Every structure is written in C-alpha cells, then in structure tokens.
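Here is a short briefing on a structure. Look at the sequence and the model first, then work through the points by topic.

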Protein chains: 2
Amino acid sequence: MRRFAALILALSLCLGLNAQKGWYRDKTDPQPVINPDRTVTFRYYAPGADTVEVNGDFLSGKERPALMKNNGNGLWEYTTASPVQPEIYTYSYIVDNQKVLDPLNMFVWRNISDLYNVFIIPGERTENYQVRDVPHGTLNTVWYRSPSLQMNRRMVVYTPAGYENSRRKYPVLYLLHGMGGDETAWLDFGRAAQILDNLIAQGKAQPMIVVMPNGNPSQKAAPLENPDGYNLPLFYLPKTMDGTFEASFKDITSYVEKNYRTVRKKSGRALAGLSMGGFHSLYISANYPDLFGYVGLFSPAVTVQEEYKDNPIYRDMDLKWKAQFGKNPPLYWIGIGKDDPLYEDVASLRKKLDADSYRYTYHETEGSHVWTCWRIYLEEFSQILFR
Amino acid sequence: MRRFAALILALSLCLGLNAQKGWYRDKTDPQPVINPDRTVTFRYYAPGADTVEVNGDFLSGKERPALMKNNGNGLWEYTTASPVQPEIYTYSYIVDNQKVLDPLNMFVWRNISDLYNVFIIPGERTENYQVRDVPHGTLNTVWYRSPSLQMNRRMVVYTPAGYENSRRKYPVLYLLHGMGGDETAWLDFGRAAQILDNLIAQGKAQPMIVVMPNGNPSQKAAPLENPDGYNLPLFYLPKTMDGTFEASFKDITSYVEKNYRTVRKKSGRALAGLSMGGFHSLYISANYPDLFGYVGLFSPAVTVQEEYKDNPIYRDMDLKWKAQFGKNPPLYWIGIGKDDPLYEDVASLRKKLDADSYRYTYHETEGSHVWTCWRIYLEEFSQILFR
C-alpha cells in the first residue's frame with residue numbers, strides 16, 4: 001500500500017496547485033442543483049463579497065440578474081421562484097459587479113468572446129440535445145485548402161453512425177454559424193451532433209453528413225486553434241458579410257465531395273445557417289442555383305450593407321431568385337422568432353418572395369435571436385431533408 | 001444602414017446577457033500580458049475584494065500564490081519578479097480565498113475536475129506545442145464498441161496530414177492518459193495533435209496514427225460527453241487499475257485496425273502513457289508481448305495495489321517480461337523527472353529489468369509529475385518510433 005499511496009500523492013500533486021478550498025472541496029454533485037419540483041438552486045461561496053448575483057437566460061428579463069442571499073456563513077444562495085422549463089440554459093455569477101464562472105460546474109461553453117456555464121433541465125424539449133446511448137456519428141476536425149482565400153482552414157465534419165462500415169453515399173447538410181461564431185458554435189450551443197445522432201437513431205432524420213465550416217474568411221480557425229495567435233475573438237470580424245465567404249464557398253463543397261462519400265447532386269445537398277449564417281445561406285444558394293436542393297434560413301440577416309450592394313454576390317437578386325425558384329427547389333425554409341429584432345427584415349424578404357409567388361416554408365416561433373430557437377430549427381429542418 | 005444596425009443589435013443581444021462591464025469591456029488583447037522582457041503582468045478587476053492572489057505553475061513553489069497589488073481603482077496587478085521561461089502555463093486567481101478564472105482569457109482547459117486558464121510564453125520549447133501553418137492531421141472523435149466492457153465508448157483518433165489522400169498504411173501510437181484524465185487529456189494539456197503535426201511537417205517523426213482512448217473502464221466518455229450524465233469527474237474512479245482496462249485493450253486495437261489503414265504488425269504498433277497510463281502500458285505490453293514493438297512509460301505508476309496482486313493481468317511478471325524482452329522489442333522507453341514522487345518506484349522497476357539485463361532506454365529529466373514533462377516525453381518518444 002505504501003507505494004500506491006505514493007502514486008495517489010504524486011497524482012494529487014498535479015491537482016493540488018489550483019484545487020478548491022473550503023466549501024468547494026470534495027463537491028462532486030452537479031451544480032446548480034435541480035430540485036424535485038424543477039426549481040433550481042444556485043450556490044456561490046464568497047464570504048468577503050458585498051453582493052453576489054446570478055445571471056442567465058433561465059431568468060426572465062425582469063428578474064435578471066437575481067440577487068443572491070448570504071446565509072451568514074459566506075455561502076450565497078438563490079432558488080428560482082418557479083419551476084424552470086426543460087431547456088439548456090447558460091448562467092454566470094456576478095460578485096461585486098464582477099462576472100465569474102461557477103467553480104463547481106465544468107460544463108462551460110464559449111460563445112464568441114465569452115465563456116458561459118451551462119445546465120440542462122431534462123425533459124422532452126432536451127431529449128435530443130443530450131448525449132444518449134445510441135449509435136454515434138464521428139466528428140472529424142479537418143483542415144482543408146481554400147484556393148480562393150489562399151488559406152488552410154479548419155472545419156468540423158459530422159459523419160453519421162455507420163458511415164465507416166458502409167460504402168453508401170450520404171447527402172450533406174452544410175450548417176453555418178452566426179456573426180462572431182466559428183466552426184465550433186453548432187457543436188456546443190447548437191448540439192448539432194447530439195440532435196443528428198438522436199434523430200437518426202429514432203429514424204426521424206435521414207443519415208446525413210453535416211459540415212460545419214468557419215464562416216469568417218479572415219480566420220483560419222477558431223480562436224484557440226488559429227495559427228495566427230490566441231487573441232480574443234472579435235464580434236464583428238472583417239470580411240464576414242462582404243461577399244468573400246459566399247464567393248469562396250465552393251472550396252468547401254469541393255473538398256467535402258472529394259474526401260467523403262457524398263451524393264453529388266442537388267437533391268443530396270442542403271445549406272442552412274443562423275443569423276449571419278442565414279444571410280450566407282440566402283446568397284450562396286441564390287448565386288449557385290444548381291447546388292442546393294434544400295435551403296434553411298434560421299433567423300436570417302437579410303440586408304446587405306450599403307457599401308457592398310454592388311458586389312456581384314449581392315446584385316441582381318430578382319434575377320437570381322427567378323433562376324433559383326424557377327428550378328422548384330424541394331425546400332426553402334425560413335424560421336424566425338416573434339421577438340427577433342430581425343423579424344421585420346425577414347418580413348420584407350417574405351414580401352419579396354410572395355410578390356413573385358415563390359414557394360417557401362415559413363416557420364414562426366416564440367422567442368428572439370437566441371440558440372434556444374436555432375436548436376429547435378435544426379431539429380425541425382433536419383427531419384424534412386433528403387426525403 | 002438602418003437594417004444592418006438592426007442586425008448588429010440583434011446579434012449583440014445574444015452577447016449582452018453575460019457581457020463584461022467596466023474595466024473588462026472592449027478588451028481584446030490576450031491576458032495575461034507578456035512584456036518585452038518576458039516578465040508577465042496579471043490584472044484582475046475587483047474593487048470590493050480584500051485580497052486578490054494569482055496562482056499557477058509559472059510561480060515557484062515558494063512564490064505560490066502571489067499577492068496582487070490594488071492600484072487604488074479596483075484593478076489588482078502582479079508582475080513576475082523575473083522573466084518567465086518559454087512554456088505553457090496554467091493559472092487562476094484567488095479572490096478573497098475563492099478561486100476564479102480570468103474573465104479575459106478564454107484559453108481554458110479542463111484537467112480532471114478543474115478548469116485552468118492557460119497562457120504560452122513562446123520560444124523554442126513551445127514551438128511544437130502551438131498551432132502552426134503546417135499540414136494538419138485530422139482529429140476523429142469516434143465511438144467504438146467494447147465487447148469486453150459491454151459499452152459504446154468514445155475515443156479520439158489522430159490521422160496524419162495526407163491520410164485522406166493516400167492508400168498508404170500507417171503505424172499507430174496508442175497514447176494513454178493518467179488517473180482522472182480521459183480521452184481529451186492528451187489533446188489539451190498534452191498538445192498531442194500540435195506536437196505530431198509539427199514533428200511530421202519537419203520530417204522529425206514518421207507520419208503515424210495516434211489513438212487516444214478513455215482509460216477509465218467505468219466511463220463511456222469524458223464527463224460532458226457521457227450519456228450517463230454530467231457529474232463532476234472523480235479523481236479516483238472505479239476499475240482504473242484493477243486489470244479491467246488492460247484486459248479490454250484489444251477491443252481498441254481491433255476497432256482501430258478494422259477502421260483505419262494501419263500497419264498490422266508489431267513493428268507498426270506503439271503503446272505509451274503517462275502515470276496511470278504508463279502503468280497500463282507496462283502491463284498491457286507485457287501481457288501481449290506480440291502486440292507492441294514500441295513501449296513508452298512516461299512517469300509511470302508501477303506498483304499494483306495489494307488487492308489486485310492476484311489478478312491474471314498483474315501476476316507472473318517475471319515470466320511475462322522474459323517473453324516480452326526475449327523477443328527483443330525495438331524500443332522500451334522509460335522517462336521520469338528527478339522530483340517525481342514516483343521516482344523510487346521507477347528505480348525499483350529499473351532494478352528488476354537490469355537484474356535480467358533487459359534492454360530499455362532510460363530518460364531522466366528535471367521536473368516532477370507534471371504535463372511539462374509529459375509533453376517533452378511525447379516529443380522525444382514520437383521521434384524515435386517506427387524507424
């Protein structure tokens with residue numbers, strides 16, 4: 001036993017450096033605590049703090065941030081006033097006006113330039129967002145050459161369960177992130193791998209490849225994977241909505257069709273994206289009317305900035321739509337939440353499409369410009385693809 | 001412009017929820033700040049705090065944690081007393097005895113049950129740890145069936161640059177993590193993908209596949225990817241050093257050899273691991289003397305717990321070594337730091353091997369039971385494989 005004790009000592013040393021003290025020590029239960037009545041209790045230990053608040057999308061706008069109560073021993077607590085609906089939520093603490101993460105929750109996602117703690121209230125809504133004991137697809141993190149951008153760039157390609165053991169060709173969904181996001185966005189907040197794994201396992205979606213590229217042409221890869229350094233990601237990056245990404249998009253489809261067993265025809269290709277990715281999907285699909293049979297615009301940005309209006313990618317949209325819709329694409333899908341600040345832009349897009357009697361599916365939901373909506377849109381959109 | 005402003009507003013909304021205030025707003029430079037003389041300055045904004053400290057492995061044991069100085073405006077600062085040697089370092093802040101992460105550094109890795117901020121002092125030492133503009137391998141996050149464990153389990157398989165475009169068969173390095181780690185450990189702290197990308201690009205390592213399984217047989221996958229839930233990972237998990245993993249290891253090699261183009265012979269297989277993974281490598285290679293031509297024990301645990309001494313995996317080691325070394329394996333490599341608490345255990349292992357004149361390579365370095373050593377061992381070990 002002496003020697004085994006030495007091992008445990010050795011291993012503990014690596015941990016000891018930044019280990020937790022006091023109340024946090026030896027805690028192994030998930031935080032926050034989801035109570036049997038589905039209220040949620042948050043606890044933060046900060047004996048010296050004047051105020052501790054908890055902030056997050058589980059609170060209504062009016063409740064945000066919620067002041068926590070010091071129990072007298074330095075442990076601050078807050079329990080939600082009512083049960084929390086099943087969903088994935090993000091939160092953080094604010095200690096004396098300073099945002100901090102929960103030291104007892106390693107479930108941390110990066111969204112653009114911020115880290116968020118995450119918790120799940122399990123229920124019907126989240127069933128497809130969780131990792132389940134079903135056959136899983138493979139996530140391939142690959143680097144491809146973009147001749148147009150003269151760069152090696154990183155993207156993630158999901159191949160469905162069974163891909164490795166078959167000779168079958170699969171249809172492909174190209175799935176684009178929003179402004180400030182990158183090739184990891186749909187995997188963390190978007191739960192794309194879990195949604196596809198679960199829907200395919202249930203027979204509700206066709207087995208498909210899902211390609212998640214980086215839609216910021218100034219970046220080779222997500223911040224911490226970028227050979228250009230470790231700077232914080234900026235929200236509004238150069239070249240994001242100036243036609244560059246749209247014009248280079250065939251570099252991505254070419255790479256995918258060369259390196260994966262894909263159905264190389266229009267009926268085997270879908271393109272969808274959220275917000276800026278919806279903008280990209282709108283203009284890419286219109287510029288290449290023979291490429292994508294299925295198009296999904298999730299809370300899309302629509303309006304081109306004045307300075308780029310003459311870019312060939314954004315010009316002559318009436319002609320381009322005429323060509324695109326004239327070929328009767330099997331699906332042109334638009335989803336948006338009632339409270340989305342882009343609602344009016346989408347309404348004006350619909351007006352244009354309606355004026356020419358172009359056929360599209362319109363899906364209006366509750367909610368705003370948030371991942372809650374985009375996960376639902378992916379879940380719904382992916383089920384009607386490639387039928 | 002009005003509509004584009006609406007888009008920016010919409011997108012900003014998603015960010016606003018947990019956005020930073022005050023001093024932190026609009027900061028996009030990497031933190032901490034590496035000064036021209038290679039001293040490092042840390043800044044933490046906490047106007048209400050009584051004490052703020054910074055802790056991390058860039059400090060010597062005596063300096064740890066370092067008290068920061070309040071500049072009077074609530075910004076706490078600390079600059080290292082001397083230049084910091086090129087390496088990858090981890091740190092965190094301690095605010096009134098409470099560990100918190102740096103809100104301005106999204107470079108966060110999980111090691112076992114703790115999150116750490118990371119920074120790099122670039123230099124010769126770190127050249128192979130950084131993402132460089134060289135041809136990159138693909139990281140395949142796959143789920144395989146383990147018939148022995150009756151589980152679907154997750155692992156990461158690195159295929160070298162060029163794998164997709166060739167018909168060549170590649171040798172395979174199986175690379176095992178330590179206690180409390182999982183299939184992600186070698187990727188984050190271990191920089192395995194960067195080290196292999198860079199060494200292969202420089203012609204210093206043979207192109208090889210690197211397989212990083214999860215060595216905890218009670219787990220299907222790393223904590224946040226585990227279908228069994230989102231509990232905090234425990235340091236000492238069940239079944240980690242009781243023979244279970246070693247006995248099930250052929251499930252992994254079988255999967256890899258079925259699904260990847262591999263050199264299916266002893267001279268095309270290497271097995272290495274750190275700490276508990278060194279323990280696994282020691283016993284797996286001895287139990288299957290025809291499987292691995294190359295074995296690497298990085299700061300290995302050696303001693304079997306008393307209660308498992310009679311397990312067939314751990315019994316009759318003299319006979320097993322006789323068979324293993326009798327076949328003249330091309331490389332049996334042992335690396336350990338002079339200050340490692342397992343140093344004596346490794347010395348006793350060497351004494352046994354020496355007594356029977358078994359040939360091995362011994363690499364003694366500065367340092368203790370830390371990732372700093374294991375990255376160096378991987379860098380050195382991978383260059384002498386498959387020659």
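A:Tyr158 is buried, because 25 other C-beta atoms lie within 10 Å and 20 or more is the cut-off for buried. Keep in mind that this is a predicted model.

- A:Tyr158 sits in strand β12 of chain A, which covers residues 151-159.
- Leaving out residues up to four places away in sequence, A:Tyr158 touches A:Gly137, A:Leu139, A:Ala192, A:Ala193, A:Leu196, A:Ile209 and A:Val210.
- A:Glu246 is 88 residues from A:Tyr158 along the chain, and their C-alpha atoms are 22 Å apart.

**Helices α3 and α9 in chain A**

- Helix α3 (residues 192-201) and helix α9 (residues 371-383) of chain A have axes that come within 10 Å and cross at roughly 35 degrees.
- The crossing of α3(A) and α9(A) is right-handed.
- Which residues meet here? From α3(A) come A:Ala192, A:Ile195, A:Leu196 and A:Leu199. From α9(A) come A:Arg375, A:Leu378, A:Glu379, A:Ser382 and A:Gln383.
- The residues of this contact between α3(A) and α9(A) divide into 5 nonpolar, 2 polar and 2 charged.

**Helices α3 and α9 in chain B**

- In chain B, helix α3 (residues 192-201) and helix α9 (residues 371-383) pack at an angle of about 35 degrees, with their axes 10 Å apart.
- The crossing of α3(B) and α9(B) is right-handed.
- On α3(B), the contact is made by B:Ala192, B:Ile195, B:Leu196 and B:Leu199. On α9(B), it is made by B:Arg375, B:Leu378, B:Glu379, B:Ser382 and B:Gln383.
- The contact of α3(B) with α9(B) has 5 nonpolar, 2 polar and 2 charged residues.

**How enclosed is α3 in chain B?**

- In α3(B), 9 of the 10 residues are buried, so the helix is largely enclosed by the rest of the structure.
- The buried residues of α3(B) are B:Ala192, B:Ala193, B:Gln194, B:Ile195, B:Leu196, B:Asp197, B:Asn198, B:Leu199 and B:Ile200.
- They pack against β11, β12, β13, α2 (185-188), β14 and α9 of chain B.
- After α3(B) comes B:Gly203, with a positive phi near 75 degrees.

**Helix α5 in chain B**

- Helix α5 of chain B covers residues 249-259, and its buried residues are B:Phe249, B:Ile252, B:Thr253, B:Tyr255 and B:Val256.
- The buried residues of α5(B) pack against strands β11 (138-146), β12 (151-159), β13 (172-176) and β14 (209-212) of chain B. They also pack against helices α4 (244-247) and α6 (276-287) of chain B.

**Helix α8 in chain A**

- Helix α8 of chain A has 13 residues, 343-355. At 1.5 Å a residue it should span 18 Å, and its end C-alpha atoms are 18 Å apart, which agrees.
- A:Asp345, A:Val346 and A:Leu349 of α8(A) are buried.
- Those three cover an arc of only 95 degrees around the axis, so they are on the same side of α8(A).
- On the other side of α8(A), the exposed residues are A:Glu344, A:Ala347, A:Lys351, A:Asp354 and A:Ala355.
- A:Ser357 follows α8(A), and its phi is positive, near 55 degrees.

**Cis peptide bonds**

- In chain A, a cis peptide bond joins A:Arg64 and A:Pro65, with omega about -15 degrees. A:Pro65 is in the loop between β3 (52-56) and β4 (66-67) of chain A.
- In chain B, the peptide bond from B:Arg64 to B:Pro65 is cis, with omega near -15 degrees. B:Pro65 is in the loop between β3 (52-56) and β4 (66-67) of chain B.

**Positive phi in loops**

- A:Gln150 is not a glycine, yet its phi is positive, near 55 degrees.
- A:Gln150 belongs to the loop between β11 (138-146) and β12 of chain A.
- Is A:Gln150 buried or exposed? It counts as exposed, because it has 8 C-beta neighbours inside 10 Å.
- B:Asp316 also is not a glycine, and its phi is positive, about 55 degrees.
- B:Asp316 lies in the loop between β16 (294-298) and α7 (317-326) of chain B.
- B:Asp316 is exposed, because 12 other C-beta atoms lie within 10 Å and 12 or fewer is the cut-off for exposed.

How values were computed: Residues are numbered from 1 along each chain as its sequence is written. Chains are lettered from A and ligands numbered from 1 in the order in which they are written. This is a predicted model: local features need pLDDT of at least 70, side-chain atom pairs count only at pLDDT 80 or more; totals for chains, interfaces and linings use all residues. Helices (H or I, at least four residues) and strands (E, at least two) are DSSP runs, numbered from the N terminus. The expected span of a helix is 1.5 Å times one less than its number of residues. The arc is that of the directions from the helix axis to the C-beta atoms. Axes are lines fitted to C-alpha atoms, for helices over the stretch in contact, and angles run from 0 to 180 degrees between N-to-C directions. A crossing is left-handed if the near helix is turned anticlockwise from the far one by less than a right angle, and right-handed if clockwise. Two residues are in contact if their C-beta atoms, placed from the backbone, lie within 7 Å. Ala, Val, Leu, Ile, Met, Phe, Trp, Tyr, Cys and Pro count as nonpolar, Asp, Glu, Lys and Arg as charged, and the others, Gly among them, as polar.
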